[in-house]
Amino acid sequence: MTHPKNRPGLVFGTGLGGMTQKPDTRIRIRVIDTHASTAYAWQNRGACRGTDAELFFGPDGERIREKEARENRARAICASCPVLAACREHALSAPEKFGIWAGMDEQELEAERHERKRAAKVAA
Ligand code: SF4
């Protein structure tokens with residue numbers, strides 16, 4: 001399980017597995033160097049590095065319009081991210097259950113996981 005504070009470019013810990021709880025969005029996003037020589041080294045190059053975690057996860061009780069506006073701002077950051085592909089694969093495989101990852105929200109990530117499983121069954 002990934003600690004809620006872990007995410008690409010927003011890394012605090014070991015980056016293992018998916019989050020099972022929404023992160024504490026009061027935490028400022030930052031990157032530590034412990035991933036430099038690991039499979040998670042790509043996280044250090046995330047465009048979200050240095051941004052506020054709340055932009056990617058949102059506060060509790062967020063209204064729909066506020067959520068959409070916030071997520072659009074997060075997606076705009078992801079759109080220019082040099083490690084978007086690696087982030088997407090991580091978010092799909094972890095699996096990450098909360099927040100915007102690689103420009104995708106929770107529902108989009110889940111739909112992609114479902115589609116990949118379906119495609120794998122067809123190919124088998
Ligand atoms: S794709 Fe988005 S969430 Fe993933 S590392 Fe880049 S900016 Fe961060």
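Glutamine 107 lies in helix α4 of this predicted model, and it is exposed, because 8 other C-beta atoms lie within 10 Å of its own, where a count of 12 or fewer marks a residue as exposed. The C-alpha atoms of glutamine 107 and lysine 97, which are 10 residues apart along the chain, are separated by 8.9 Å. The protein chain as a whole contains four helices and zero strands, and its elements follow the pattern α-α-α-α when read along the sequence.

**Helix α4**

- Helix α4 covers residues 106–123, and it is hardly covered itself, with a count of one buried residue among its 18 residues.
- At 1.5 Å a residue, the 18 residues of α4 should span 26 Å, and the distance between its end C-alpha atoms, 26 Å, agrees with that expectation.

- Helix α3 runs over residues 84–93, and within it Cys87, His90 and Ala91 are buried.
- Seen down the axis of α3, these buried residues fall within an arc of 95°, and they therefore line one face of the helix.
- The other side of α3 carries the exposed residues Ala85, Glu89 and Ser93.

**The loop between α3 and α4**

- Proline 95 lies in the loop between α3 and α4, and the peptide bond that joins alanine 94 to proline 95 is cis, with an omega of about -15°.
- Alanine 102 is also found in the loop between α3 and α4, and this residue has a positive phi of about 55° although it is not a glycine.
- Alanine 102 counts as buried because it has 24 C-beta neighbours inside 10 Å, the threshold for a buried residue being 20 or more.

**The nonpolar core**

- The largest nonpolar core has 16 residues, and those with the most contacts inside it are Phe56, Cys87, Ile100, Trp101 and Ala102.
- The elements that give two or more residues to this core are α1, α2 (residues 64–79) and α3, and of these α1 gives the most, with three residues.

**The segment before α1**

- Glutamine 43 lies in the segment before α1, a helix that spans residues 53–57.
- Glutamine 43 is buried, because 25 other C-beta atoms lie within 10 Å of its own.
- Although glutamine 43 and valine 83 are 40 residues apart in sequence, they are 7.5 Å apart in space, C-alpha to C-alpha.

**The chain as a whole**

- Of the 124 residues in the protein chain, buried residues make up 27%.
- Among contacts in the protein chain between residues at least 6 apart in sequence, 47% join residues that are at least 24 apart.

Notes: Residues are numbered from 1 along each chain as its sequence is written. This is a predicted model: local features need pLDDT of at least 70, side-chain atom pairs count only at pLDDT 80 or more; totals for chains, interfaces and linings use all residues. The arc is that of the directions from the helix axis to the C-beta atoms. Two residues are in contact if their C-beta atoms, placed from the backbone, lie within 7 Å. A nonpolar core is a set of buried Ala, Val, Leu, Ile, Met, Phe, Trp, Tyr and Cys residues joined through C-beta atoms within 7 Å. The expected span of a helix is 1.5 Å times one less than its number of residues.
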